[in-house]
Amino acid sequence: MPSVQRRGGGKNGGKAKNLKSQNSKNSTSSKGHWKLFVFGLLAALASIVYYRQTSILTSLKVRKAGNGVDIQDGPIFNVVDIPGKGKGVLAARDIKQGELVLREKSLFTVPLHVQSSPAVLIAERLQNLSPVKKEAFFNLSYVHFPEDLDPTEHVDRLALAIFETNAVSAGKDTVGIFPNMARLNHGCSSAFNVVYSWRNEQEGLFVHALKDVKKGQELLTTYTDTKRPRQERRAYLTQQYGFHCTCDVCSLPDGLSKASDRRLSEISSLYRKFATWGSKDIDGIEAINYIRKIWGIEDEEGYWSERGQLAADAAWVAASHSDVSATRAWALKAAKWFTYEIGADTPQVQTLIMAGDRPQSHNAWGTRDKLEVSGP
Ligand SMILES: C[S@@+](CC[C@H](N)C(=O)[O-])C[C@H]1O[C@@H](n2cnc3c(N)ncnc32)[C@H](O)[C@@H]1O
């Protein structure tokens with residue numbers, strides 16, 4: 001059964017998918033079960049906000065991204081002050097869909113589940129950092145620091161607040177701090193334009209452009225599964241991250257916002273229906289029809305994330321029903337979209353290209369009754 005991914009997770013990595021940071025309430029308890037927020041996943045803010053450039057963080061200077069997308073030399077983004085958001089990241093030049101925007105090692109990581117106090121654990125990790133790295137950490141933004149406390153007198157508590165605001169998942173059972181990536185602000189649904197993924201083999205976080213981005217546009221990821229109505233998204237973001245979301249999608253006039261909400265709810269509902277193929281409640285033809293419907297509604301919404309996984313799920317269904325041409329078409333579609341989100345130099349993409357070439361090599365091949373399920 002293919003995994004039907006929701007955002008906020010591993011791919012972006014996993015969804016990155018679905019990236020997570022922590023909850024301040026639980027994180028202070030000594031028997032820590034880190035409650036992670038999803039931090040991760042577009043406003044053309046440069047045109048409407050005044051900003052002051054503060055630094056150029058990186059200059060990848062590569063001609064070919066790992067996924068084969070041609071790119072220009074030169075700094076790819078700047079971290080700047082953005083009114084109402086603290087700092088944020090603006091494209092320093094046009095960025096192409098699928099381009100590698102950033103790869104980064106963590107300052108430090110901690111296990112997702114801890115037995116001791118998270119605050120103590122973070123303090124220990126900080127002690128092992130160089131002064132430069134420590135400074136990078138303490139420069140990060142934070143919310144949920146008690147107003148009645150003086151941060152200079154409660155450094156461990158401050159470090160915890162910074163961690164909670166900025167940590168993202170670094171693999172299945174680990175969360176970490178990535179100081180450049182941490183400057184990415186949030187956008188919902190069609191508003192986010194970069195996605196991040198964790199690579200175990202390289203022990204690094206990779207950020208790819210999900211869409212073409214114009215010079216001066218803000219790079220936005222997503223902190224949560226945004227396939228839910230505006231009111232719910234805003235409530236979550238206010239509670240966990242301390243801001244009222246005014247991204248391009250949240251700022252839509254009421255009529256258009258309701259239409260977007262309906263689309264997002266419908267996508268979530270179709271994902272649930274598709275998942276019932278796993279328990280054989282629906283057949284392969286119906287399952288693929290759900291995927292096509294999801295794809296169509298996502299086109300209307302402008303929601304492009306998780307498409308690699310969606311097409312890979314379709315390839316799985318097609319392969320299990322031994323449909324050669326459908327397996328080939330869906331596998332190649334999945335490879336294309338995974339290339340944008342996580343890069344061509346990943347095992348997922350290589351495996352899908354192989355399945356496109358030789359559908360019978362797919363792991364799921366022939367595990368269900370033969371059926372023509374049809375391609376994209
Ligand atoms: C991981 S940090 C992102 C970078 C941060 N803006 C900074 O100055 O370093 C998360 C915090 O950024 C702010 N933020 C993120 N997305 C935002 C948005 N769409 N609108 C307003 N503030 C946002 C919130 O304060 C949130 O708690």
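A charge sits over a ring if NZ of Lys or CZ of Arg is within 6 Å of the ring centre and within 35 degrees of the ring normal. The model shown is predicted, so that local features need pLDDT of at least 70 and side-chain atom pairs count only at pLDDT 80 or more, while totals for chains, interfaces and linings use all residues. Residues are numbered from 1 along each chain as its sequence is written, and side-chain values use heavy atoms, with hydrogens and water left out.

**View 1. Charged ends over aromatic rings.** The charged end of Arg-199 sits over the ring of Phe-206, at 3.9 Å from the ring centre. For Arg-307, the charged end sits over the ring of Trp-337, 5.1 Å from its centre.

**View 2. A cluster of rings.** Trp-337 also belongs to a cluster in which ring pairs link Trp-295, Trp-304, Trp-330, Trp-337 and Tyr-340. Rings of Phe, Tyr and Trp (its six-membered ring) pair if their centres lie within 6.5 Å; planes under 30 degrees apart count as stacked, over 60 as edge-to-face and the rest as tilted.

**View 3. Two aromatic pairs.** The structure holds 12 aromatic pairs. One of them joins Phe-137 and Phe-138 edge-to-face, with 5.2 Å centre to centre and 90° between the planes. Phe-137 is buried, at 0% relative accessible area, whereas Phe-138 is partly exposed, at 28% (buried means under 20% relative accessible area, exposed over 50%, partly exposed in between, with a 1.4 Å probe and protein chains only). Tyr-223 and Tyr-241 form a tilted pair, 4.6 Å centre to centre with 50° between the planes. Tyr-223 lies in the loop between strand E13 (220-221) and helix H6 (230-241), and Tyr-241 lies in helix H6, so the pair ties together parts that are 18 residues apart in sequence. Helices (H or I, at least four residues) and strands (E, at least two) are DSSP runs, numbered from the N terminus. Tyr-223 is buried, with a relative accessible area of 7%, and Tyr-241 is buried at 4%.

**View 4. The shell around the ligand.** Tyr-241 is among the residues that come nearest to the ligand, together with Lys-85, Lys-87, Arg-183 and Asn-185, out of 17 residues around the ligand (near means that a heavy atom lies within 4 Å). Strand E5 (86-91), helix H5 (155-166) and strand E10 (185-186) each supply at least two residues of this shell.
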